[in-house]
Amino acid sequence: MTRSTSVAAQLAALPTMPMKDLWALWDAHFPRRPGTWNRDYVASRVAYKIQEAAHGGVDPDIRRRLVRLGESQSAFGKRRSEVHLMPGTVLLREYESNEYRVTVTPEGFYDLNGKVFKSLSAVARHITGVNWSGPAFFGVKRKGGKK
């Protein structure tokens, strides 16, 4: 799409745009690809960037205020305590006669045989095929929620 194409026309083209063209737009606006490959998500983020380029972004002060307001009102993160492990920590778990070795990366992710996961629960789900509490699966949280 050219700069002379109106913002409305660019946004209207996104839903029917081939995925490879949508990814090209994504790559032009973002440093790396998202963890999700959901078309609606990709299109919505690209649409925001198109509008931001044309009309300007949210004022940084307003953005900070919105983040603080969201954090103060959010129920996320209040129910459970996060498990924080030092980078380099290795967690071992035997499951169905296989031993699994997970290493905490310097970025705070979890590496299982070269595949990187965002959470211990995602690793546990990958190993077992069902939803598990990752900290409980790897034994880094005692029963009753105590570490």
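Visitor: What makes β1 and β2 a pair?
Guide: In this predicted model, β1 and β2 are joined by six bridges in the antiparallel sense. Pairing needs at least two bridges, so β1 and β2 qualify. L91 stands opposite V102 in β2.

Visitor: What lies between β1 and β2 in the hairpin?
Guide: Two residues. E96 sits in the turn, with a positive phi of about 50 degrees.

Visitor: How do you know that β2 and β3 pair?
Guide: Count the bridges again. Strand β2 (residues 98-104) and strand β3 (residues 110-112) share three, in the antiparallel sense. The threshold is at least two, so β2 and β3 are a pair. T103 stands opposite D111 in β3.

Visitor: Which order do the strands of the open sheet take?
Guide: The order is β1-β2-β3-β4, four strands with antiparallel pairing. From one strand to the next, the twist averages 30 degrees.

Visitor: Why are β1 and β4 called edge strands?
Guide: β1 (90-95) and β4 (115-117) each pair on one side only.

Visitor: What lies across the sheet strands?
Guide: Helix α5 (residues 120-128) does, across β1, β2, β3 and β4. Helix α5 runs at about 20 degrees to β3.

Visitor: Which residues of α2 and α3 meet?
Guide: From α2 come M19, L22, W23, L25, W26 and H29. From α3 come R39, Y41, V42, A43, R45, V46, K49 and I50. The residues of this contact divide into 10 nonpolar, one polar and three charged.

Visitor: How many aromatic pairs are there, and what makes W26 and Y41 a tilted one?
Guide: The count comes to seven aromatic pairs. The ring centres of W26 and Y41 are 6.3 Å apart. The limit is within 6.5 Å, so W26 and Y41 pair. Their planes stand at 40 degrees. Stacked needs under 30 degrees and edge-to-face over 60, so the pair is tilted.

Visitor: Where do W26 and Y41 sit in the chain?
Guide: W26 is in helix α2 and Y41 in helix α3, 15 residues apart. The pair links distant parts of the chain.

Note on methods
Residues are numbered from 1 along each chain as its sequence is written. This is a predicted model: local features need pLDDT of at least 70, side-chain atom pairs count only at pLDDT 80 or more; totals for chains, interfaces and linings use all residues. Side-chain values use heavy atoms; hydrogens and water are left out. Contact means heavy atoms within 4.5 Å. Ala, Val, Leu, Ile, Met, Phe, Trp, Tyr, Cys and Pro count as nonpolar, Asp, Glu, Lys and Arg as charged, and the others, Gly among them, as polar. Axes are lines fitted to C-alpha atoms, for helices over the stretch in contact, and angles run from 0 to 180 degrees between N-to-C directions. Rings of Phe, Tyr and Trp (its six-membered ring) pair if their centres lie within 6.5 Å; planes under 30 degrees apart count as stacked, over 60 as edge-to-face and the rest as tilted.
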